[in-house]
Amino acid sequence: MGERDAREWRDQQRQAVRAHADTDARRRAAEHAEAAELVAWFVAEATRRGLPTTRLAARGYDGRGRYRTGLTGWYVDRAETRAVDVAGRFHLLTVPGGLRARLFGVDPQPSPAPLVVGAGGRDGESIPLRTLLNRLLNDGTGEPGSTTRPAAPRG
């Protein structure tokens with residue numbers, strides 16, 4: 001293989017990697033947009049139904065400590081590590097923790113909501129965000145069999 005062939009091969013490889021990365025970025029952006037729509041629908045529906053909110057707390061990375069936040073909203077998982085605030089933002093509620101966090105609280109920043117919660121996790125358990133949000137609406141209102149409420153938007 002000559003110098004020119006090697007250079008062309010490297011250029012083709014770079015272009016292929018760049019194209020793959022661009023495709024992956026577009027896919028992730030579309031998934032985040034769909035998940036954001038789901039979260040917005042959930043907040044509107046929870047508000048309409050009068051689903052009670054709670055003051056959200058974050059947990060330390062080690063799982064031991066609980067830390068105050070300035071957020072109000074709904075936990076979307078049983079572990080209370082993911083939540084949606086009343087402004088329609090998705091939060092991962094795990095923080096570094098420590099004495100400062102214990103004294104002054106924490107300010108977890110919103111993150112893009114995933115369409116599948118827990119995907120890629122070590123325990124292998126994952127669940128669609130739509131299912132979690134519908135479950136929360138049903139459990140929170142005591143209307144599991146009602147057919148009069150709108151369903152979560154389909155993506």
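In this predicted model, R82 and D77 are joined by a salt bridge between their side chains, with 3.0 Å from N to O. The structure holds eleven salt bridges. Side chains of opposite charge can pair when their charged atoms come close.

R14 and D11 meet through their side chains at 2.9 Å, N to O. They stand three residues apart in helix α1, so about one helical turn separates them. R49 pairs with E45, and their closest N and O atoms are 2.9 Å apart. These two residues also lie in helix α1, four residues apart, which is about one turn of the helix.

The table lists the relative accessible area for the residues of these pairs.

| Residue | Relative accessible area | Class |
|---|---|---|
| R14 | 45% | partly exposed |
| D11 | 36% | partly exposed |
| R49 | 16% | buried |
| E45 | 5% | buried |

The cut-off for a buried residue is under 20% relative accessible area. R49 has 16%, so R49 is classed as buried. E45 has 5%, and therefore E45 is classed as buried too.

Which residues touch the most other members of the largest nonpolar core? They are F42, V84, L129 and L133, out of 18 residues in that core. Two elements, α1 (3-49) and α3 (129-141), each give two or more residues to this core. The largest share, seven residues, comes from α1.

V84 shows how parts of the chain that are apart in sequence meet. Not counting residues up to four places away in sequence, V84 touches V39, F42, V43, L56, G73, W74, V76, R89, F90 and L133.

Two loop residues can be set side by side. T81 sits in the loop between β2 (66-75) and β3 (82-85). Its relative accessibility is 17%, so T81 counts as buried. With neighbours within four places in sequence left aside, T81 is in contact with R59, H91, L92, L93 and T94.

The other residue, G97, belongs to the loop between β5 (94-95) and α2. G97 counts as partly exposed because its relative accessibility is 27%. G97 and G60 are 37 residues apart in sequence, and their C-alpha atoms are 4.9 Å apart in space.

Last is the surface. Which residues make a nonpolar surface patch of about 370 Å²? The patch is made by L99, L103 and F104. L103 is found in helix α2, which covers residues 99-104.

Terms used:
Residues numbered from 1 in each chain as written. Predicted model: local features only at pLDDT ≥ 70, side-chain atom pairs only at ≥ 80, totals over all residues. Heavy atoms only, no water. Patch = residues over 30% accessible without salt bridge, like charges linked within 9 Å, V, L, I, M, F, W, Y side chains within 5 Å. Areas by Shrake-Rupley, 256 points an atom, 1.4 Å probe, with all protein chains shown as cover. Salt bridge = Lys/Arg side-chain N within 4 Å of Asp/Glu carboxyl O. Core = buried A, V, L, I, M, F, W, Y, C linked by side-chain atoms within 4.5 Å. Buried < 20%, exposed > 50% of the residue type's maximum accessible area, 1.4 Å probe, protein only. Contact = heavy atoms within 4.5 Å.
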